[in-house]
Amino acid sequence: MSVIVPNKIINTAKHNKIINENGTSKKLSFLKRISPKNGINALSLSLSSLCSADCIFCPAERGQRISTKFMPFAYVEKIVNEIASRDFSRFHNIEVISVSANGDGFLNKEIIKILRLIKKRGPHIKVVCFTNFRSFTKDKIDIVLREKLIDNIGCNIDGASAENYYQVKRTDYKVVKEHLLYFIKLRRRLWRDVPLLISALTLYDYVYSIRKGLGITPLKTPDIDVSNITDDFELIKQEYMQILDHPKDHILRTPVRGWAERKQINPASINYSQYICPLMDSISRAAFIAPDGTWYACCWDGNNELELGNVIEESVHRVFLSDKRIMLLQYLENREFAKINGPCVTVNCCQALSCN
Ligand SMILES: C[S@@+](CC[C@H](N)C(=O)[O-])C[C@H]1O[C@@H](n2cnc3c(N)ncnc32)[C@H](O)[C@@H]1O
Ligand code: SF4
Ligand code: SF4
């Protein structure tokens with residue numbers, strides 16, 4: 001069963017002369033029959049926009065525009081009820097739900113209740129979680145592993161020593177490591193197959209990639225003596241190679257993005273023809289939901305500036321079909337970043353940078 005995207009939306013695009021300024025009707029790749037093969041396939045839920053860390057690579061203004069800081073259980077319940085319905089599954093097939101986007105989900109006091117609900121209503125859905133492990137405490141680790149509530153975990157370890165870690169994340173490595181080691185130990189004891197991805201974004205990598213890629217000094221490291229820092233990625237890797245379980249676990253260098261530096265960039269200086277939106281594929285099928293139900297553009301829209309609708313006031317399906325969302329995809333596809341505003345005007349900050 002499939003439907004064609006309502007004419008209203010295609011007409012809206014034509015009236016605004018966005019599809020083709022000369023009036024010809026170029027069919028955009030995302031305007032096609034909606035079916036579970038191209039409908040929504042992933043949900044990214046920001047269960048908390050607050051975080052116990054303050055990473056140098058994370059925007060200071062992240063989540064500030066929206067006053068609701070924790071997604072209430074009732075909101076998740078409404079979303080989950082919709083995606084578990086037969087009507088919804090005629091058009092969409094949610095394969096993955098991420099529960100710790102744009103903040104740290106474990107600060108949400110209802111997270112265990114929420115995880116249980118997701119597992120109960122969508123047992124086939126893969127639940128993934130990126131967390132700094134600061135608030136993923138032993139009692140929560142116990143429940144999550146025993147009840148198989150999460151299928152994949154990611155964690156950034158951004159410094160080899162407590163001092164280096166603190167310089168990048170401004171939170172206590174000792175507590176984080178205690179929780180992480182407890183997770184690994186209990187996972188072995190319970191024979192749980194939950195892969196762990198350790199990512200590392202070191203101070204050296206960040207400062208030098210931002211300098212080389214954007215030509216600026218990171219906002220949160222104004223006083224850093226760059227000649228004095230060395231890259232500790234190999235040290236982090238050596239240590240965790242011994243701790244992790246192979247082959248299911250991995251340790252990788254995180255490619256640097258400049259989303260925390262947008263304020264320093266003058267959009268007028270950007271040659272947009274050089275850039276594409278790096279998340280186009282993911283955005284065309286994933287829903288990014290802020291704690292108050294706002295569907296925002298993508299994971300590099302940290303302050304939820306591009307509001308496409310609200311999935312609590314309307315349905316997820318309706319926001320998926322909304323003019324705003326279709327227009328966003330259209331502008332992105334045509335690389336008309338200046339017309340979108342918000343974070344897209346600094347599309348150079350969304351690209352993967354490297355210091356080599
Ligand atoms: C936005 S956070 C949310 C989840 C959780 N608070 C955490 O950090 O684990 C998700 C992940 O995005 C990645 N990330 C954040 N800022 C980044 C940046 N400037 N460049 C590259 N990756 C970044 C990090 O791997 C981070 O762990
Ligand atoms: S990257 Fe994650 S852990 Fe670091 S401050 Fe941002 S939300 Fe928190
Ligand atoms: S902020 Fe805009 S250009 Fe950047 S990844 Fe998100 S949608 Fe794409």
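Analyst: The protein averages a pLDDT of 91, and 91% of the residues score at least 70. This is a predicted model, in which local features need pLDDT of at least 70, side-chain atom pairs count only at pLDDT 80 or more, and totals for chains, interfaces and linings use all residues. Residues are numbered from 1 along each chain as its sequence is written, and chains are lettered from A and ligands numbered from 1 in the order in which they are written.

The pair is helix 5 (residues 138-146) and helix 7 (residues 173-189); helices are DSSP runs of H or I, at least four residues, numbered from the N terminus. Their axes come within 10 Å and cross at roughly 30°. Axes are lines fitted to C-alpha atoms over the stretch in contact, with angles from 0 to 180 degrees between N-to-C directions. Helix 5 and helix 7 are therefore roughly parallel to each other, the term for angles under 35 degrees. The crossing of helix 5 over helix 7 is right-handed, meaning that the near helix is turned clockwise from the far one by less than a right angle.

Helix 5 contributes K138, I141, D142 and L145 to the contact, and helix 7 contributes H179, Y182, F183, L186 and R187. By class, five residues of this contact are nonpolar, one is polar and three are charged. Here Ala, Val, Leu, Ile, Met, Phe, Trp, Tyr, Cys and Pro count as nonpolar, Asp, Glu, Lys and Arg as charged, and the others, Gly among them, as polar.

Technical notes: Helices (H or I, at least four residues) and strands (E, at least two) are DSSP runs, numbered from the N terminus. Angles under 35 degrees count as roughly parallel, over 145 as roughly antiparallel, 65 to 115 as roughly perpendicular and the rest as oblique. Two residues are in contact if their C-beta atoms, placed from the backbone, lie within 7 Å. pLDDT is the predictor's confidence in each residue, from 0 to 100.
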